[in-house]
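Student: I would like to understand how the labels used for side chains follow from computed values. Could we work through some of them together?
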Amino acid sequence: MQYTVIDAHYLHDYQIAMTFEDGKQGIVDLSEYTQRGGVFANFGHIDYFKNFTIDYGTLVWDGEVDIAPERLYEKAV
């Protein structure tokens, strides 16, 4: 199955509204990533978190940090 993100916009806190290629829509809460450190260390800064793009069907920060689209699809409620 393809889990391609086709639209996403920031809502508040660490929540992003997303639409996937198959029509599924949902809100994804990524607050758990603020505790992970490593490549996600900058997620502790909300201004950094808000500044994402969609690249190759998933969310990308700074052109290098991304979250697998399958995981985003799974978390969308």
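Predicted model: local features only at pLDDT ≥ 70, side-chain atom pairs only at ≥ 80, totals over all residues.

Student: What makes the contact between arginine 36 and glutamate 32 a salt bridge?

Tutor: The side chains of arginine 36 and glutamate 32 have N and O 2.9 Å apart, and because the cut-off is within 4 Å for a side-chain nitrogen of Lys or Arg and a carboxyl oxygen of Asp or Glu, the pair counts as a salt bridge.

Student: How do you know that the pair of glutamate 32 and arginine 71 ties together parts that are apart in sequence?

Tutor: Their side chains meet in a salt bridge at 3.4 Å, N to O. Glutamate 32 lies in the loop between strand E3 and helix H1, whereas arginine 71 belongs to helix H2, so the pair ties together parts that are 39 residues apart in sequence.

Student: What makes lysine 75 buried or exposed?

Tutor: Lysine 75 has a relative accessible area of 18%, and because buried means under 20%, lysine 75 is called buried. Lysine 75 also forms a salt bridge with glutamate 32, with the closest N and O atoms 2.8 Å apart. This pair links distant parts of the chain, 43 residues apart, with lysine 75 in helix H2 and glutamate 32 in the loop between E3 and H1.

Student: Which residues are linked in a network of salt bridges?

Tutor: The network links Glu32, Arg36, Arg71, Glu74 and Lys75, and a search of the whole structure finds 4 salt bridges.

Methods. Residues numbered from 1 in each chain as written. Heavy atoms only, no water. Helix = DSSP H or I, 4+ residues; strand = E, 2+ residues; numbered from the N terminus. Buried < 20%, exposed > 50% of the residue type's maximum accessible area, 1.4 Å probe, protein only.
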